[in-house]
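Good morning, and thank you for coming. I would like to take you through one protein chain, beginning with the whole and then turning to a few places within it. Please look at the display as we go.

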Amino acid sequence: MSTLSFKTQLALGVSALMIATSFSATSFAADDEVISTGTRRKARSAADTPAPVDVISAAEFTNNASSDIGDLLRTAVPSYNVNTQPISDAATIIRPANLRGLSPDNTLVLLNGKRRHRGSVIAFLGGGISDGAQGTDVSVFPALGLKQVEVLRDGASSQYGSDAIAGVINFILNDSSEGGTVEVKYGSTYAGDGDNYRISGNIGLPLGPDGFVNITAEYGEKDGTFRAVQRGDAAALIAAGNTAVADISVNTQTTDFVQYWGDPDIKNDWKIFINSGVELNENTEVYAFGNYAERQVEGGFFFRNPTNRGGVFRGPLVDPLTGLEDPNGVASVRVATLPGGDATTCPRGVPLTSGGGLIPDPTILASVTANPLCFTFLEMFPGGFVPRFGGNNRDYAITGGVRGELAVGNGLGYDLSGSFGSNKTDFFIRNTINASLGPDTPTSFVPGAYEQKETAINLDLNYAVPVSGWASDLNIAAGFEWHKEQFDITAGDPASFALGPLAAPYNAANGTGVLGFPTGQGFSSSSNGFGGFANSSSNSQNNIAVYGELEADITDEFTLQTAIRVEDYDLFGTTTNFKVGGLYKLTDTIRLRSTYSTGFHAPSAGQANVVNTTTAFNTFGELADQGTIPLSTAPGQLAADFLENAPGQPGIRPTLGPETADNFSIGLGFSTGPMNWTVDYFNIKVKDRIALTDNFDFQDVLDFTGVGVAGYDGSSIGAALTTLDAAGTINRADFAGFEDLRAFRFFTNNFDTKTTGFDIVGRMPFDLGTGTSSIAVAANYTKTQVQNPGKIVPLTGNRISALEDLLPNWKGNVLFTHEQGMWRGMARINYYGPWTDVGNGGTPIGDQILVDLEVGAKVMDNVEIIVGAANVFDSYPDENPGQLGIGQLYPESSPAGFNGGQYYVKGRVTF
């Protein structure tokens, strides 16, 4: 929390708005801005559509501290939320975002009106709301390459297809055929970390006499930030005499930190976008646009304590004098017997008898170290270790088409296009081990890759029919779309998923394991923290859609819109969705609008087929391997049998199918003097929401499967798999990588939600002194309620709380801009309401105000120098009361971030 009180911050923020009256910036576009989202009529303004559409100008994005489009949308659109993902596996690389409190894949993203492909990352650690979501990677868009962004705050599946439940975000690329901009930016945080820079340029060129090509390129890098305290267990180890444990109170390099919390490092962040079009004649245009982007993202994982990390360090209870296993003994550090030895060669553990039970017995440790057939990971990491995880992300896409008007009647408009897009993430993890390989383990691994590919062919038709007595022609739109998506998994390097001799059961026939250990030695397999993918795979799904839309001004006051779409998926069947909307002008300054629509979201090919093992805290507060299993796999079928037939389980066989939605909105647009306002209420009911279940105990599944199997040994997962394989009940090869699985989960349709709220937007341009000014107010209230929880499997209270309380109900901002002579400036107050930190025991977190300021000066006709600060008063969220547990100083889910204030300076040249 900032040292300034809430009221003081508010007063200072308002004062900042008053002070800024000598400067300027650009805000939301006016309501009469022409839009293309939410309607297929030509030359429609945002004020004349039945559904609310925000139009965000390019300047709104470029005049900001952040360069990330997700962060910029969070500021511009109050119902849009995205936060830092410090220890979230692949979600660190592509951050999940939420519109109106719904899942990331309930928001459809378009580029120039065409469906944008999903990202390759599935958010396995998505904070509850985003768990299992596979959304679009919007961070690849360069702000300088955008003409405007249109945000349709309404359900639109009947117009655009799957995913458009919360709304649609349409990124419109710059289409200028002349001029250009070059911009250089540097910034950092008040704390002195998070240094970042960006170099970007845009140029528009003519393409023949009637065409254009617009090119945007951007390169940048960003250092990570660090907002943590020393972990209590690490401090205790240091106090006990373990000098190898890094003390973060004196070290400043990220690689020395015991626990990392903060933004990840982003390196080699390249973005190139091209937009082009050529008019062949007055009725025909060919167009093409596409992009290539890549970046490397790297962050940290949890600290592996050298006394108790399961599968690596933690050993059995042993006799304090001999290190031999003793159920009445003391805790120990696990000792491995290497190939060539047997069960009598080494003690089972090094007793933790020194330093108050935190330091291994020096005599027994020395004897183990001296024996070439004995080994502990204290020899490699005496102070424990923190894995560093990241990925190299590459994104590219191309769309081409022809559009125009055929000389049929009043003119038949058409748009025929094809597109292909790909997003691929190659994962890497270092400063970690595959414990089952013992001293032969590498410390860096390539766990494999995920890639999402999408191909689409689309035909849109428009035709205007005069209707006697109506105020406008009846616009008839229809179309066809074929869409294919493919999700590929590339296997990792062999060491990243290997079941080495320290985990494999002894088998003399095939030479696995170590003599005397029939069920292995208790060391974990695979790269610790993020296990490698044992097999490559490719899965796809296809869908075909036909759709129609009618819209007309029945009278000068009344506009009516209807739409219907029929879509057939080869894996999930057919769905039909519709929409009805209307706008009524009560007076010249008061407009009433409303819509009702149905919608859907089909599971992605990735959600239906992905296999993943990650390390996270279980319900006992322990770090443990947790797996995501497709229901179609052999382990998934065992899990389904267990849930359907085992005593005490739901008795329902889990399945995976589409979500369905009902969306109602009603709004009012009006003026209070020079200030224009819109107020919109929304009610979104989503049935059969697709999400990851809570975790189940994999040992319980195997024990149920082993009922009636002669000689079943369920002493461990490895032993159970060995017995079931020998009995012919399973094929152990189908369970590669699952030997250390403590818990599992899967995708299913498990609950319903009802999300209600309203959006308030107000804008007013005005003259101040000899300059021009504007003020914009935007606020959102959103409340989600979970209904019918646990339709297939139980849903815990913690998960329900995450869905309902993790995001603030209230969020908003006030933006003031002014331009006068060579100066322009901006002042913005951002408000984030109270929320609940579900990840830290349901801690209530208070509201927060952030103030942003920016000043620009045109030192020459085409040269501008800009300085600014985000979060000027260095506000932080409330501290985590349990911060010593895992070193987390501030809650990671903070909707406003937890880096504090940051400053920046930019130079901009236009020509």
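Helices and strands here are DSSP runs, a helix having at least four residues and a strand at least two, and they are numbered from the N terminus. Please keep in mind that this is a predicted model.

How does the radius of gyration of the chain agree with that of a compact globule? For 911 residues a compact globule would have a value near 29 Å, and the chain has 29 Å, so the two agree. Along the principal axes, the C-alpha atoms fill a box of roughly 95 × 55 × 50 Å. Of the 911 residues, 59% count as buried. If we take the contacts with a separation of 6 or more, 70% of them are between residues 24 or more positions apart. The accessible surface comes to about 32800 Å², and carbon and sulfur atoms account for 58% of that surface.

Let us now turn to a single residue. Q259 lies in the loop between α5, residues 232–240, and β13, residues 265–281. Is Q259 buried or exposed? Its relative accessible area is 0%, and buried means under 20%, so Q259 is buried. Which residues does Q259 touch, not counting those up to four places away in sequence? They are I87, F226, A228, R231, F301, F302, F303 and I886. A polar atom of the Q259 side chain lies 3.2 Å from the backbone oxygen of F301. The side chain of Q259 also reaches the backbone nitrogen of F303, at 3.1 Å.

A143 is placed in the loop between β7, residues 114–115, and β8, residues 146–152. Because its relative accessibility is 9%, A143 counts as buried. Leaving aside neighbours within four places in sequence, A143 is in contact with F61, T62, I69, L72 and E218. From A143 to P264 there are 121 residues in sequence and 21 Å in space, C-alpha to C-alpha.

Next, the strands. Strand β24, residues 558–569, pairs in the antiparallel sense with β23, residues 537–553, over 11 bridges. A hairpin of 4 residues joins β23 to β24, and V546 stands opposite V566 in β24. Strand β24 also pairs with β25, residues 573–585, again in the antiparallel sense, over 12 bridges. The hairpin formed by β24 and β25 has 3 residues between the strands, and A563 stands opposite K579 in β25.

Which residues make up the covered face of β24? They are T559, Q561, A563, R565, E567 and Y569, whereas F558, L560, T562, I564, V566 and D568 make up the uncovered face. In a regular strand the side chains alternate between the two faces of the sheet.

I shall end with a helix. Helix α11, residues 717–726, is mostly covered, with 7 of its 10 residues buried. Those buried residues are I717, G718, A719, A720, L721, T723 and L724. What covers them includes α10, residues 698–705. After α11 comes G728, whose phi is positive, near 80°.

Thank you for your attention.

Note on methods: Residues are numbered from 1 along each chain as its sequence is written. Side-chain values use heavy atoms; hydrogens and water are left out. Buried means under 20% relative accessible area, exposed over 50%, partly exposed in between (1.4 Å probe, protein chains only). Contact means heavy atoms within 4.5 Å. A polar contact is a pair of N or O atoms within 3.5 Å; within protein, one must be able to donate a hydrogen and the other to accept it, and residues adjacent in sequence count only if both atoms are side-chain atoms. Two strands pair if DSSP finds at least two bridges between them. The radius of gyration is taken over C-alpha atoms; the globule rule is 2.2 Å times the number of residues to the power 0.38. Accessible areas come from the Shrake-Rupley method with a 1.4 Å probe; for residues, only the protein chains shown count as cover.
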